[in-house]
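Biologist: I would like a close look at a single part of this chain. Please set out the whole briefly, then stay with one region.

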Amino acid sequence: MNKKVKRLVLACFLISAFFMQACTKIETTQVSVAETSADTSPASRETTSTKAASNETVPSESTTTTTSASITSAQTSQSTAETTQKSKAEISAASTTTQTTVDLSLPENGEIDHEWALFLVNQNNPLPQDYSIETKTVYESYMKFKMDRRIADYMIQMISDAKKDGISLIICSAYRSYEKQKAIFDSDVKSYQAQGYSYEDAYAMTAKNVAIPGQSEHATGLAADVLSDECPSLSEKFENTKAFAWLSENAYKYGFILRYPKDKTDITGINYEPWHYRFVGLYHAKKIKDSGLCLEEYIEQQKAGQSQ
Ligand SMILES: [Zn+2]
């Protein structure tokens with residue numbers, strides 16, 4: 001009897017050891033795939049699509065008609081790169097940005113700060129191709145993330161103040177030039193064409209997932225995708241983090257608004273993005289937060305108010 005039990009225990013041990021080794025091998029393979037996938041060739045995108053799709057990362061605003069399952073190749077490559085770079089970002093979190101102090105108090109006479117920053121960029125209001133700004137680094141990890149120099153210090157201050165409250169914010173996308181957006185877009189169109197789609201179909205399919213050049217708010221230098229180590233991928237799950245709770249409570253104090261709220265997708269035309277913050281100035285950010293309006297509604301209301 002004792003011998004039988006011993007044999008049984010030994011058999012169980014050998015089986016579990018075998019499975020553990022097998023699992024380790026699978027993990028190792030996944031890591032090596034992710035590490036080598038920064039390359040943007042269509043072939044390498046294909047091999048990493050499953051892993052990237054599970055992270056639901058999206059480099060630019062997707063339209064409301066998009067399903068997360070239909071992530072396209074450019075997104076796949078970028079998101080995989082982001083996934084790989086994420087760990088590096090965590091290691092060297094924003095250590096080299098210039099620390100500045102900005103005045104976060106509103107003028108008491110109701111003066112509007114940064115009034116120029118209140119403008120719309122969306123499907124109906126593209127940014128001119130020649131829109132150019134001076135940028136400043138707001139966060140540095142595997143690369144330097146930049147925003148409009150005129151407002152960059154507000155983001156730096158927000159990241160720094162969050163840290164004091166125990167929240168480590170991670171920037172995973174900030175200023176993206178028209179050219180860069182166009183390169184991402186064109187690359188996706190080409191990969192669809194390579195699969196046999198006509199240019200028109202390839203364009204339409206790409207536009208479902210990647211912002212058309214000129215229509216991305218990232219080109220303004222006023223928007224950034226903000227995450228934290230609790231949820232470092234562009235997933236709706238970010239809304240369950242302490243960082244999101246902190247941003248919901250505090251972002252407006254630094255002039256930022258949650259640009260694509262959950263209950264406004266029919267107006268913004270963009271899926272809910274708990275990570276995308278847009279600078280509109282301290283005055284308007286507070287007004288927008290207090291009103292519960294999205295930027296489209298708020299600007300409409302402002303126009304109506306002016307014409308009365
Ligand atoms: Zn964004």
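How many helices and strands are there in the chain, and what is strand β1 joined to?

Modeller: This is a predicted model, in which local features need pLDDT of at least 70, side-chain atom pairs count only at pLDDT 80 or more, and totals for chains, interfaces and linings use all residues. Residues are numbered from 1 along each chain as its sequence is written.

The chain has 10 helices and 6 strands. Helices (H or I, at least four residues) and strands (E, at least two) are DSSP runs, numbered from the N terminus. Of its 308 residues, 39% count as buried. A residue is buried if 20 or more other C-beta atoms lie within 10 Å of its own, exposed if 12 or fewer, and partly exposed in between, with C-beta atoms placed from the backbone. Among contacts between residues at least 6 apart in sequence, 74% join residues at least 24 apart; a contact means that two C-beta atoms, placed from the backbone, lie within 7 Å.

Now the region itself. Strand β1 covers residues 135–140 and runs antiparallel to β2, with 5 bridges joining them. Two strands pair if DSSP finds at least two bridges between them. A hairpin of 3 residues connects β1 to β2. Strand β2 (residues 144–148) has 4 of its 5 residues buried, so it is largely enclosed by the rest of the structure.

Glu140 belongs to strand β1, and its bridge partner in β2 is Lys144. Glu140 is partly exposed, because 17 other C-beta atoms lie within 10 Å. Glu140 also lies 8.3 Å from Ile171, C-alpha to C-alpha, although the two are 31 residues apart in sequence.

His114 has a positive phi of about 45 degrees although it is not a glycine. With 19 other C-beta atoms within 10 Å, His114 is partly exposed.

Helix α4 takes up residues 152–164, and its 13 residues should span 18 Å at 1.5 Å a residue; the end C-alpha atoms are 19 Å apart, which agrees. The expected span is 1.5 Å times one less than the number of residues. Buried residues of α4 include Ala152, Asp153, Tyr154, Met155 and Ile156. Gln157, Met158, Ile159 and Ala162 are also among its buried residues. Gly166 follows α4, with a positive phi near 85 degrees.
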